Amino acid sequence: MRTDKNNINIAIFASGRGSNFQAILDNIHHGRLAAQVVCVISDNENAGALEIARSNNIPTCFIHRKQFGEKQEYEHQLLCILQEHNTELICLAGYLKLIPTLVVREFKHRILNIHPALLPSFGGKGMYGHYVHEAVINYGCKISGATVHLVDEEYDTGVPIIQQCVPVLENDTPDSLAARVLQVEHRIYSEAIQLYAEKRIKIEDRKVRILNTSSGMI
Ligand code: GRF
């Protein structure tokens with residue numbers, strides 16, 4: 001059951017500092033997002049995201065594949081945690097591990113990720129953090145941006161829901177570009193979650209249509 005029946009229950013997966021998670025919390029707080037974060041899951045005990053969760057009294061869980069012998073035990077444990085908190089939507093916010101197959105299948109079309117580039121460019125295994133922005137600059141791109149997409153069993157290959165561009169400026173460093181992209185990330189991730197909560201996302205093959213009104217389906 002939802003804690004507040006009008007809000008969607010989201011579980012955050014994060015490996016790092018958690019600025020996207022913080023932006024989601026801020027948007028909830030300001031009434032821009034009808035959601036509640038029911039738990040934060042991390043593969044990194046020292047993740048800033050876990051600190052943010054604790055200071056907001058949100059349940060946390062540190063879970064790593066290496067804690068388990070069999071892959072199935074790990075997958076089942078993850079699923080149990082998600083179900084225990086009545087998770088409706090999973091939001092990856094700087095989570096560096098692949099989501100195991102069992103979880104992807106159980107949460108089909110119910111897992112979102114934010115990527116700091118315009119997919120399918122500059123995505124895939126190893127393309128995270130400053131590596132992305134470095135690659136964009138080294139390629140000589142004039143634009144970059146952020147993508148919110150559905151998650152499947154590979155890195156960064158699920159269908160895009162929202163994409164937004166930012167310019168790449170002549171004197172950009174990976175850090176200055178990352179900061180410009182991050183501002184966009186913090187806005188469009190909550191927008192996508194809100195569209196999901198309003199059931200306004202319709203998937204037709206690899207196309208996502210954003211409906212004007214709720215259709216009751218994804
Ligand atoms: C963001 O750039 C996000 O796009 C990517 O990982 C980074 C996480 O940053 N998936 P933060 O931990 O949310 O600050």
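Modeller: Start with the idea of a pocket: an open set of grid points where a 1.4 Å probe fits, with protein on both sides within 12 Å along at least five of seven lines. Keep in mind that this is a predicted model.

Biologist: Which pocket is the space taken by the ligand?

Modeller: The ligand takes the space of the largest pocket. Helix H1 (19-29) and strand E5 (111-115) each give two or more residues to the shell around the ligand.

Biologist: Which residues are around the ligand?

Modeller: They are Arg17, Gly18, Ser19, Asn20, Gly94, Ile114, His115, Pro116 and Glu185. By class, this shell has 2 nonpolar, 5 polar and 2 charged residues.

Biologist: How do I read polar contacts here?

Modeller: Look for pairs of N or O atoms within 3.5 Å. A side-chain N or O atom of serine 19 is 2.5 Å from a ligand oxygen. For glutamate 185, a polar side-chain atom lies 2.6 Å from an oxygen atom of the ligand. Asparagine 20 uses a polar backbone atom, 2.8 Å from a ligand oxygen.

Biologist: How much of the ligand's exposed area does the protein bury?

Modeller: Taken alone, the ligand exposes 370 Å², and the protein buries 87% of that.

Biologist: How do I read empty space?

Modeller: Rolling a probe the size of a water molecule over the atoms shows where space is left empty. The largest pocket holds about 820 Å³. It is lined by 37 residues; Gly94, Tyr95, Leu96, Tyr128 and Gly129 are the closest to its centre. Helix H6 gives the most to this lining, with 6 residues.

Methods
Residues are numbered from 1 along each chain as its sequence is written. This is a predicted model: local features need pLDDT of at least 70, side-chain atom pairs count only at pLDDT 80 or more; totals for chains, interfaces and linings use all residues. Side-chain values use heavy atoms; hydrogens and water are left out. A residue is near a molecule or strand if one of its heavy atoms lies within 4 Å of it. A polar contact is a pair of N or O atoms within 3.5 Å; within protein, one must be able to donate a hydrogen and the other to accept it, and residues adjacent in sequence count only if both atoms are side-chain atoms. Accessible areas come from the Shrake-Rupley method with a 1.4 Å probe; for residues, only the protein chains shown count as cover. On a 1 Å grid over the protein atoms alone, a cavity is a set of points where a 1.4 Å probe fits but cannot get out, and a pocket is an open set with protein on both sides within 12 Å along at least five of seven lines; lining residues have an atom within 4 Å of a point. A molecule sits in a cavity or pocket if more than half of its atoms lie within 2 Å of its grid points. Helices (H or I, at least four residues) and strands (E, at least two) are DSSP runs, numbered from the N terminus. Ala, Val, Leu, Ile, Met, Phe, Trp, Tyr, Cys and Pro count as nonpolar, Asp, Glu, Lys and Arg as charged, and the others, Gly among them, as polar. Grid points are joined across faces, edges and corners, and a volume is the space filled by probe spheres set on the points.
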